[in-house]
Amino acid sequence: MALRFVQLLIIFVLALATSQRILASDPDILFDYIVPSNNKVDANFFTFTGFRDIFDDVPGTLNITKAALAEFPALNGQSVSYAVLKYPANGGVNPPHTHPRAAELLFLVGGSLEVGFVDTKNVLYTQKLKVGDLFVFPKGLVHYQYNSDANLPAYAVSAFGSANAGTVSVPVSVFGTGIDNVILAKSFKTDVDTVKKLKAGLTTHK
């Protein structure tokens, strides 16, 4: 009886682990591609033109243009997506955030960037990127990018291993979603007035 219980427990744990991996990733499909609801499939369906001339302007603020499931329905079931990121000079920052469903592979195509991520052991890994460099942010880990160059903007292209990688902004999720001020003050070992100032600053700079 005890052996049977252990066997069932192992099966349950493996099934739970498998189900969690499936929920955190794109499902495999049994077809070449997923036909859209309008049933119209031609070469245009597989073409995304939203990045044309995207590097022609100089960004005044952080600008992120995505080619993900919402913007490019042909990616449904293909487990891939892209984003073009443009960082203004002198402090352009993509604040700490995570992508719960995919790793991110960033390719720097212009300027320079300071990047970093924190692993589950709270170890910070940072790097100064130059044009032509690639940097991978592992799936689900908090990471950021920062342009410290006083004069030049930076441009990057990021690839994701999901058609819908998702983005969870640390500042917004912590200070912009209605978590009680007292809870935040105790969590960050500060006072409620400081928490209110952080929330107000976040609202001002949206």
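**Ground rules.** I am reading a predicted model, in which local features need pLDDT of at least 70 and side-chain atom pairs count only at pLDDT 80 or more, while totals for chains, interfaces and linings use all residues. I number residues from 1 along each chain as its sequence is written, and I take side-chain values from heavy atoms, with hydrogens and water left out.

**The chain as a whole.** I noted four helices and 10 strands, in the order α-β-β-β-β-β-β-β-β-β-β-α-α-α from the N terminus. Of the 206 residues, 29% are buried, a word that stands for under 20% relative accessible area with a 1.4 Å probe and protein chains only, whereas exposed means over 50% and partly exposed lies in between. Among contacts (heavy atoms within 4.5 Å) between residues at least 6 apart in sequence, 69% join residues at least 24 apart.

**The annotated site.** I found that the UniProt annotation "binding site", from an unreviewed entry, covers H97, H99, E104 and H143; such positions are given in the numbering used here, feature names are shortened, and annotations may be inferred rather than shown by experiment. These residues span 47 residues in sequence, yet no two of their C-alpha atoms are more than 11.7 Å apart, so they gather at one spot.

**H143 and E104.** I then took the two residues in turn. H143 is buried, with a relative accessible area of 1%, and its side chain makes a polar contact with the side chain of E104 at 3.0 Å. For a polar contact I require a pair of N or O atoms within 3.5 Å; within protein, one must be able to donate a hydrogen and the other to accept it, and residues adjacent in sequence count only if both atoms are side-chain atoms. E104 lies in strand β4 (residues 104-110) and is likewise buried, at 2% relative accessible area. Not counting residues up to four places away in sequence, E104 touches H97, H99 and H143, and also S158, among others.

**S158.** S158 counts as buried because its relative accessibility is 0%, and its side chain makes a polar contact of 2.6 Å with the side chain of E104. Beyond its neighbours within four places in sequence, S158 is also in contact with residues including S81, Y82, A83 and L85.

**The sheet around β8.** I traced an open sheet of five strands in the order β6-β5-β8-β3-β10, with antiparallel pairing; two strands pair if DSSP finds at least two bridges between them. The edge strands are β6 (124-129) and β10 (168-169), each pairing on one side only. Strand β3 (residues 92-98) pairs with β8 in the antiparallel sense over four bridges, and I noted N147 in β8 as the bridge partner of G92.

**A loop residue.** Which loop holds S112? I placed S112 in the loop between β4 and β5 (113-118), where S112 is buried, with a relative accessible area of 15%. Leaving out residues up to four places away in sequence, S112 touches K128, L129, N147, D149 and A154.

How values were computed: Helix = DSSP H or I, 4+ residues; strand = E, 2+ residues; numbered from the N terminus.
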